Amino acid sequence: MNPSTTPENRQVNHRRRKPSKLKIFKEAYLPPILALGVVVLIVVFIMGAISNANNQKQAALDASIAESIAQQEAYEALLKQAEALMDQAEKLAAMYDYDGALAILEKFTGNRSEFANINTLWQIYTEEKNNLIVWNNLSKIPNLSFQLLIADSKRAFNDPTYKNSFNRNFVTTEEFSEILTRLYDNGYILVSLDDIAEQNGAGYAAKELLLPAGKKPLLLTQTNVNYSLYLVDSDGDMFADKNGCGFASKLVVDANGNLSCEMVDANGNTVTGAYDLVPILEDFIERHPDFSYRGARAILALTGYNGLFGYRTHGAAKEKLGEAAYAQEIADAKAVAEVLTEKGYNLACYTYANIGYGTRGLAAIQADLSSWKNEVTPILGQLDTFVFAQSSDLAVENTYSGPKFQALQEAGFHRYLGFSANGTPWATLGEDYVGMGRLLVGGENIRNHPDWFEGIFDCTELLNR
């Protein structure tokens, strides 16, 4: 028998031929597992790619949204800037300051052509500026001059001592308001002394006013803006009382920085309101900004012997009021002067003691100017405008010269407002001064010389109100 075929050997051989589990695993299971792994990897890769693509898309979307938001915020910021600049420019353009208005619009940081409103304003202001007409004839500019305004007609015109004077030389608050309306309706624009003449190397010269067609320049002056004691104080204690003559007692600055007036009414109550020229003019310009050329206001001429703006700053008041109260009066007067100057009012000297320089000697004039320098200049600062009082001018044929005039020059005054005796405006320019005539507006001239105001306002309509 062949040994290899013995039962034992056949059993051994049979065991040798039986596949191992590892071999079975490798042959039977490993390929599908590997294939599955490959599929898993492929799926993972695909999912990763999809996720990455989604993330990129989301990031791009987020970036796009953020960019849109930033662009919208930038646009809204530009729109807000444009609105603010247009508001500022409109206020300047309303007062014919087109250069200033265009300069404001130039501050816009965006593309002006992409913002229709601001671009339209630019074109309008440029066109209006180009259509302005030059006015440089000083002698044709009227200067209407008012005293303090009567706020309470009943008390003023029944005053036993001064009623005739009030009737001749003053107008009421209502009449002044009506005059402003007539001036506005007749095409007048309020200008300042700074607008009409300037000093250059050769002396004073007329400045060119650039006005719209049909508009005419005008100056306003008010004198005695010290609210003299005789008008408001009946018992001599330096305080206004109910037995005053019906005038405002002082100029004040309210909590909002606006100018107003105090007055003691017939019942003894201290009231605040538009009881004189300044607050009435402020209210009018607020409603009609085109009445004021580049923010021009009136000329306010003051004496010093009874204080300033209704505050008792004169030397005689110090002992009566006491040190602390006197110091407060000076501080309050300074505060009012600062606001007036900021708003465009031109402060002027009306002599210290309300005297006529034309009838006084040189020594008296020098003494008066010395009192002004010592008592008023420390409060108001150096002024350069002088308004002649008591219908007493130094001009001869509208020209200034001589020792009295020289005293005024040495005191620092170079702009002089005299009188238009026959109602005809006049102006003169010298090497070191500018002079103009004032047309006095009071009851007597309105009634007896209506022709003086012809073309300015209708006296008949005013009297027949």
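# Briefing: strands, a helix and ring pairs

Tyr416 stands opposite Gly435 in strand S16. S16 (residues 434–440) and strand S14 pair in the parallel sense over 5 bridges; strands pair when DSSP finds at least two bridges between them. This is a predicted model: local features need pLDDT of at least 70, side-chain atom pairs count only at pLDDT 80 or more, and totals for chains, interfaces and linings use all residues. Residues are numbered from 1 along each chain as its sequence is written, and side-chain values use heavy atoms, with hydrogens and water left out. Helices (H or I, at least four residues) and strands (E, at least two) are DSSP runs, numbered from the N terminus.

**Around strand S14**

- Buried means under 20% relative accessible area, exposed over 50%, and partly exposed in between (1.4 Å probe, protein chains only).
- Strand S13 (residues 385–387) also pairs with S14, in the parallel sense over 3 bridges.
- Phe386 stands opposite Tyr416 in S14.
- From S13 the chain passes through helix H16 (residues 403–410) to S14, in a right-handed β-α-β crossover. Right-handed means that, with the strands pointing away from the viewer, the path from the first strand over the helix to the second runs clockwise.

**Helix H14**

- H14 (residues 362–375) has 14 residues, which at 1.5 Å a residue should span 20 Å; its end C-alpha atoms are 20 Å apart, which agrees. The expected span is 1.5 Å times one less than the number of residues.
- Its buried residues are Ile365, Asp368, Leu369 and Trp372.
- They cover an arc of only 95 degrees around the axis, so they lie on the same side of H14. The arc is that of the directions from the helix axis to the C-beta atoms.
- Ala363 and Asn374, on the other side of H14, are exposed.
- The cover over the buried residues of H14 includes strand S11 (299–302), strand S12 (346–349), helix H15 (377–380), S13 and H16.

**Ala348**

- Ala348 is found in strand S12. Its relative accessibility is 0%, so it counts as buried.
- Beyond its neighbours within four places in sequence, Ala348 has contacts that include Ile299, Leu302, Trp372 and Leu383. Contact means heavy atoms within 4.5 Å.
- Leu383 is 35 residues from Ala348 along the chain, yet their C-alpha atoms are separated by 6.3 Å.

**Aromatic pairs**

- The whole structure holds 25 aromatic pairs. Rings of Phe, Tyr and Trp (its six-membered ring) pair if their centres lie within 6.5 Å; planes under 30 degrees apart count as stacked, over 60 as edge-to-face and the rest as tilted.
- Phe108 and Phe115 form an edge-to-face pair, 5.0 Å centre to centre with 75 degrees between the planes. Both Phe108 and Phe115 are buried.
- Phe284 and Phe291 have ring centres 5.3 Å apart and planes at 85 degrees, so this pair is edge-to-face. Phe284 counts as buried at 4% relative accessibility, and Phe291 is buried at 0%.
- Ring pairs link a cluster of Tyr357, Phe386, Phe388, Tyr400, Phe405, Phe413, Tyr416 and Tyr433.

**Positive phi**

- Phe309 has a positive phi of about 55 degrees although it is not a glycine. Phe309 lies in the loop between S11 and helix H12 (315–321), and is buried at 0% relative accessible area.
- Gln390, a residue other than glycine, has a positive phi near 60 degrees. Gln390 sits in the loop between S13 and H16, and is partly exposed at 47%.
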